[in-house]
Amino acid sequence: MQIEVKLNGRKVSLEVEKDEFLADTLRAHGMLSIRKGCDTSCCGLCSVWIDGKPTLSCSTLALRADGKDITTIEGVAGEAEEFARVLAAEGAEQCGFCSPGFIMTVLAMKNELKDPAEDEIIHYLTGNLCRCTGYMGQLRAVKKYLGVA
């Protein structure tokens, strides 16, 4: 089946199977930042934006993306790099496997929440797992990036 999407600002046609998940479709079309780490929709590694909202692409059928605007980390490289520098400066960057999904969630939070309290930040990030770090370095980095104390 054919779907039409706007992928990182470009209109593209994608050939998909009726039971294919968006994460697999995007990886097959070169979006190698999309990763799957749990197969249970709870790690956040596969996070992309669909119409500006963070979405788990491993549990979204590709067909549901038809006509939608999809953004991967490749589409927000400048912003992602800026936050990645903050992550590294706070000692929160380890192996990097979870980073693309985590960064997409943080950037979405920046767009959605204004001056969030620490508990709001923690709640927003709940679906992102990291196996290398304690979460305190990541929390420090997010707060620094968002400019909240």
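## Cysteines and disulfides

A disulfide is a pair of cysteine sulfur atoms within 2.5 Å. In this predicted model, local features need pLDDT of at least 70 and side-chain atom pairs count only at pLDDT 80 or more, while totals for chains, interfaces and linings use all residues. Residues are numbered from 1 along each chain as its sequence is written, and side-chain values use heavy atoms, leaving out hydrogens and water.

Zero disulfides are found in a search of the whole structure. For Cys 38, the closest cysteine sulfur belongs to Cys 43 and lies 3.7 Å away, too far for a bond. For Cys 58, the closest is that of Cys 46, at 3.6 Å, again too far for a bond. Cys 38 is partly exposed, at 21% relative accessibility, whereas Cys 58 is buried, at 14%. Here, buried means under 20% relative accessible area, exposed over 50%, and partly exposed in between (1.4 Å probe, protein chains only).

## The span of helix H2

Helices (H or I, at least four residues) are DSSP runs, numbered from the N terminus. Helix H2 comprises 13 residues, 77-89. At 1.5 Å a residue (times one less than the number of residues), H2 should span 18 Å, which agrees with the 18 Å between its end C-alpha atoms.

Which residues of H2 are buried? They are Ala 80, Phe 83, Val 86 and Leu 87. These residues lie on the same side of H2 because they cover an arc of only 120° around the axis, taken from the directions from the helix axis to the C-beta atoms. The buried residues of H2 pack against helix H3 (99-112) and helix H5 (135-146), where contact means heavy atoms within 4.5 Å.

The face turned away from the buried side of H2 carries the exposed residues Gly 78 and Ala 89. Just after H2, Gly 91 has a positive phi of about 70°.

Conventions:
Helices (H or I, at least four residues) and strands (E, at least two) are DSSP runs, numbered from the N terminus.
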